[in-house]
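This report covers strand pairing, aromatic contacts and charges placed over rings. The sequence and the model come first.

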Amino acid sequence: MEVQHEVIEVDVQCYHCGQPCEDISWQDDKPFCCVGCKTVYEILSANDLCEYYNYQQNPGTQLNKPVNESAYDYLNEPAVHQKLLTFNSDTFSRVNFYVPTIHCVSCIWLLENLKRLDSGILKSEVNFARKQVVIDFNPEKISLARVASLMATVGYAPVITLNDNKATANPVFSADKKLITKLAVAGFCFGNVMLFSFPEYLGLEGEDSLKEIFSWLNALLSIPVLLYSDTDYLTSAWKSFRQRQINIDVPIAVGLIALFGRSLWEIVSGYGPGYFDSFTGLVFFLLVGRWFQSKTYQSLAFDRDFKSYFPLAVQRRQGNEWKPVVIYELKKGDEIKIRNMEIVPADSTLLTGEGFMDYSFVTGESKPVKITAGSHIYAGGRLIGQPVTLRVEKETSQSHLTSLWNNAVFKKPQESRYRKILDKAAQRFTWIVLAIALATAGYWYLADASQVWLIVTAVLMVACPCALALTAPFTYGNMLRQFGRHGLYLKNADVIERMAVIDALVFDKTGTLTHGLKPQVDFVGSLSEGEFANIRRLCSFSTHPLSTIISQALVQRGAGEVKEFKEIPAQGIEALINNDRYRVGSAWFTGSTPLPDDSTSVVFVSINAEPRGYFQIKTSVRQHLEPMLRRWNRPVAMVSGDNDADKDRMKMLFGPDAQLLFNQNPHDKLNYVKELQQADNKVMMLGDGLNDSGALKQADVGIAVTDDTGVFTPSCDGILQGDKLPLLDKFLRLAKSATTIVKSAFVLSFFYNAVALSFAVTGNLTPLIAAVLMPLSSISVVVFTTVLVNFAAVRVLKR
């Protein structure tokens, strides 16, 4: 007797990418569709990275064949390095790759754990919105070609273009283009569906065959809307569901599928014309809202309009003179002069001079690099040593400098309180909406079953946290612009939230409370004309306020060549000029005898360890500071590295209750700020950005006050123009008003959702109107916050 075996075909999905397996390849009892997917799994398994598969089922992308590593060999060419790498040294390099296959939390997890695949990779950080990954690596251990091939091997091949010096594609532009295309398709179909639905709108009798044809045409026109225009919502909801999470796209996707399915059923069964006009209109207005929201966030991005935020200036050669220009005016080929402790604003080549470049602004580690003529200098380096002349090789990117300023190394530990509130609200919001929709469906099924589909869809559509999500970023984004327009340039929006709770101010004195506009400079001692010229040249190398004053006050010319320049914070500067050792600074630094109390700032001079005299500099206190301090009426202190010669003048300025500390070194200033914080104070430190960098970083908010925007420290949270210091208390009041506006916008958003939901659940809102209200709610919040921020700025700052 012949036994027949029945063969049952079962669709087997690839364990890595989820695609159907035609030729199954097994590994560890797991099916794979191709050698490429199996190879990726083997690599991850060998490096204990299979946690990648825990975040989402089948998270990978299909690889039909193994990666050819030699395909990336061209990335090792020096010319390619210059275009692709944002920083390059013997032991540290940084590259920013565009990776379009990034699509879920598993992708982010794997890409940020690339260092576990190769020890040469130091760190990798993903920008999910832009689908970019920034990778720091050690070129002595791994080449750029190997980094790219490693990414491709695990399914995340970078898209690399070298045209016009652009190493990455523009994902924002391509995403906008794709969104507009989907919007156009939805708009075209919506308009034609409306046209074919006119017989139903007008209630025309007869011509049933024509109505049936129009209904089927509406169904056909709705298919591209379902399969193309609304795929972002459906895909997002599906991925969220597979990750066992619920996001805001889930109720929208449920509503869209329900509306399309119900409409198709009505046409097929002959029950009615369906709701394809509502379906296509719904998608159209949802996409309008998404487009508006994307434009809103782009308008807040630093790199869209950063002229208002980063006022870095530099000396550029114009003929035989050096004139200051803001960095976004620099062009390729311009010659610029960088002084000690100044930031290099653009990739450049060193023409004259030598010294050391501190790239801690870029790498987070302070390891000065020796530079000589011909060296390539990267944007973000800080010069240590005597001034150098550079030739700009690439036009400066303010967004690049901004990203450096916002490096995690320089971030404060405090998290945004409102961001936490928003995250929790968003998590609970969707569950609440789904519960309301379910309850509404049960009620209307009993009351009027024919209305269930439309009413439930309206409920799912009208309740949207988009307006809620826009309140904080748009309020703080607008407030950043207002601060920038009035001379306070903040690192990011989180600083405003910290400013709102400041209750103690700590000031440095020289360069912060005092300024060097028309100072009186006298020299007591004995120097020749040539020595005066040498001191003038030496002081011009420094960015310290007193050095700048002395350099500008002296008129002697003919100085010798400056060698071995050094600047010691809070002490002074020294160099070898014509084989003589010059020192300019404090009494201790120059070996001079300190003076008795004097009402002036004193800078001592020694040549070859022999004290030769001192400069007396009578600087003036900035105007209108006393009214500002009286308005503040809260704890305030001054910590200064100078002697107490100005004690009486500072007492008159601050009042009898203020704590005035003199002869404080940078470490003393940092400790004083820490003591105030331990006493539960929220401290703002204001200093010159050089000697006070430690205290600025320690403070809850650190502000560098400067009359020369070329002096900059990444430790600070903002830069304040010196003549705007009298507005400080008003800036703090404006920051408090920003939190009030955020709270008010929260209330407005919740009120909108409550009112809209009440109309929807009672059957007084159609899905189409609900779709229109979604973008309108976001628009209302944008208008509300913009008007209030502008009003608050005028009311507070113009008083």
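A charge sits over a ring if NZ of Lys or CZ of Arg is within 6 Å of the ring centre and within 35 degrees of the ring normal. The model is predicted, so local features need pLDDT of at least 70 and side-chain atom pairs count only at pLDDT 80 or more, while totals for chains, interfaces and linings use all residues. Residues are numbered from 1 along each chain as its sequence is written, and side-chain values use heavy atoms, with hydrogens and water left out.

| Charged residue | Ring | Distance from ring centre |
|---|---|---|
| Lys182 | Tyr228 | 5.7 Å |
| Arg634 | Trp632 | 5.4 Å |

Aromatic pairs come next. Rings of Phe, Tyr and Trp (its six-membered ring) pair if their centres lie within 6.5 Å; planes under 30 degrees apart count as stacked, over 60 as edge-to-face and the rest as tilted. The structure holds 13 aromatic pairs. One of them is formed by Phe483 and Phe731, edge-to-face, with 5.6 Å from centre to centre and 70° between the planes. Phe483 belongs to helix H16 (residues 466–485) and Phe731 to helix H25 (residues 728–761), so this pair ties together parts 248 residues apart in sequence. Helices (H or I, at least four residues) and strands (E, at least two) are DSSP runs, numbered from the N terminus. Phe483 has a relative accessibility of 0% and counts as buried; Phe731 is buried as well, with a relative accessible area of 0%. Buried means under 20% relative accessible area, exposed over 50%, and partly exposed in between (1.4 Å probe, protein chains only). Elsewhere, Phe87, Phe92 and Tyr378 form one aromatic cluster.

The remaining items concern strands, where two strands pair if DSSP finds at least two bridges between them. Strand E6 (residues 132–137) is mostly covered, with five of its six residues buried. Strand E4 (residues 93–98) runs antiparallel to E6 and is joined to it by six bridges; Val95 has Ile135 of E6 as its bridge partner.

Which strands make up the open sheet of six strands? Its order is E8-E7-E9-E15-E10-E13, with antiparallel pairing. Strands E8 (321–326) and E13 (376–377) stand at the edges with a single partner strand each, so one side of each has no neighbour in the sheet. Within this order, E9 (residues 335–338) and E15 (residues 388–392) pair over four antiparallel bridges, and Lys337 stands opposite Thr389 in E15.
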